[in-house]
Amino acid sequence: PELIDTCMRRVEGNNLEGFLAGFGKWPSDIMLVGEAPGGNEIVQGRPFCGQAGKVLDEYLEIAGITRDDMYMTSAVRSRPYRDRPVKGNPERISRSNRTPTASEIFAHAPILDYELSIVQPRLLITVGNIGLQRLLGGAVRVSDIHGQPQQSVIRHVDLEHPEHGYIEGTELYWIFPLYHPAAILYNRSLESVIEQDLYHLRDFLKSESWRT
């Protein structure tokens with residue numbers, strides 16, 4: 001709780017709401033790292049619910065795993081939102097999700113670092129750019145390496161010197177980048193690409209090489 005309070009204080013005044021805890025078993029060989037909770041997740045207290053959650057469950061079914069096989073978390077733990085007047089009725093406000101900022105991701109980074117130390121995963125499945133870039137840096141994009149397992153060290157925050165920003169760790173993890181489940185809702189042309197990536201993930205999980 002103290003770590004969470006510290007992280008939340010760093011983003012006071014930002015357009016963020018609620019807090020969603022990680023979900024699943026720990027320790028676990030597999031950790032799924034998403035972007036940030038949306039409105040449904042904050043209300044229901046469960047990651048990946050609603051339309052994107054249904055797509056994720058389809059992802060996992062193809063890959064031959066379930067939510068029970070992993071620990072699920074995200075780079076940012078509160079919902080980043082944007083309020084806008086409703087067109088034609090400016091007195092009403094529409095609240096929508098938005099992409100978290102770099103400073104919001106950094107503020108929440110110690111929570112993910114702590115989860116990694118507790119869950120002790122061997123494989124990190126990232127969905128979307130935000131989770132991937134949180135681990136490997138902003139230069140990498142899911143469109144370039146989706147469906148390709150990477151073995152790499154990852155970034156974390158030095159709590160004694162947070163002013164230094166991210167520093168590179170020493171432990172190697174397997175990282176398997178996937179498109180975010182919401183991507184297929186907006187771009188149906190990705191459907192066959194994502195399906196192939198999931199078959200690659202299924203084969204990778206069966207290989208057992210990532211467990212050694």
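1. Helices (H or I, at least four residues) and strands (E, at least two) are DSSP runs, numbered from the N terminus. On that basis the protein chain has eight helices and 11 strands. The radius of gyration, taken over C-alpha atoms, is 17 Å, close to the 17 Å that the globule rule (2.2 Å times the number of residues to the power 0.38) gives for 212 residues, so the chain is as compact as a globular protein of that length.

2. This is a predicted model, in which local features need pLDDT of at least 70 and side-chain atom pairs count only at pLDDT 80 or more, whereas totals for chains, interfaces and linings use all residues. Residues are numbered from 1 along each chain as its sequence is written, and side-chain values use heavy atoms, with hydrogens and water left out.

3. Among contacts (heavy atoms within 4.5 Å) between residues at least 6 apart in sequence, 68% join residues at least 24 apart.

4. Leaving aside residues up to four places away in sequence, L178 touches a set including Y59, I125, V142 and L201. In soluble globular proteins, nonpolar side chains tend to be buried together.

5. M72, in strand 4 (residues 71-74), is buried, with a relative accessible area of 1%. Beyond residues up to four places away in sequence, the partners that M72 touches include F23, L32, F48 and L56. The C-alpha atoms of M72 and I30 are separated by 8.7 Å, although these residues are 42 apart along the chain.

6. Some backbone geometry deserves a look. Most residues other than glycine have a negative phi, and most peptide bonds are trans. A cis peptide bond, with omega of about -5 degrees, joins W26 and P27, and P27 is found in the loop between strand 2 (23-24) and strand 3 (30-34).

7. F48 has a positive phi of about 50 degrees although it is not a glycine; F48 is found in the loop between helix 2 (39-44) and helix 3 (50-63) and counts as buried at 9% relative accessibility. Q120 also has a positive phi, near 55 degrees, but lies in the loop between helix 4 (102-119) and strand 7 (123-127) and, at 54% relative accessibility, counts as exposed.

Key. Buried means under 20% relative accessible area, exposed over 50%, partly exposed in between (1.4 Å probe, protein chains only).
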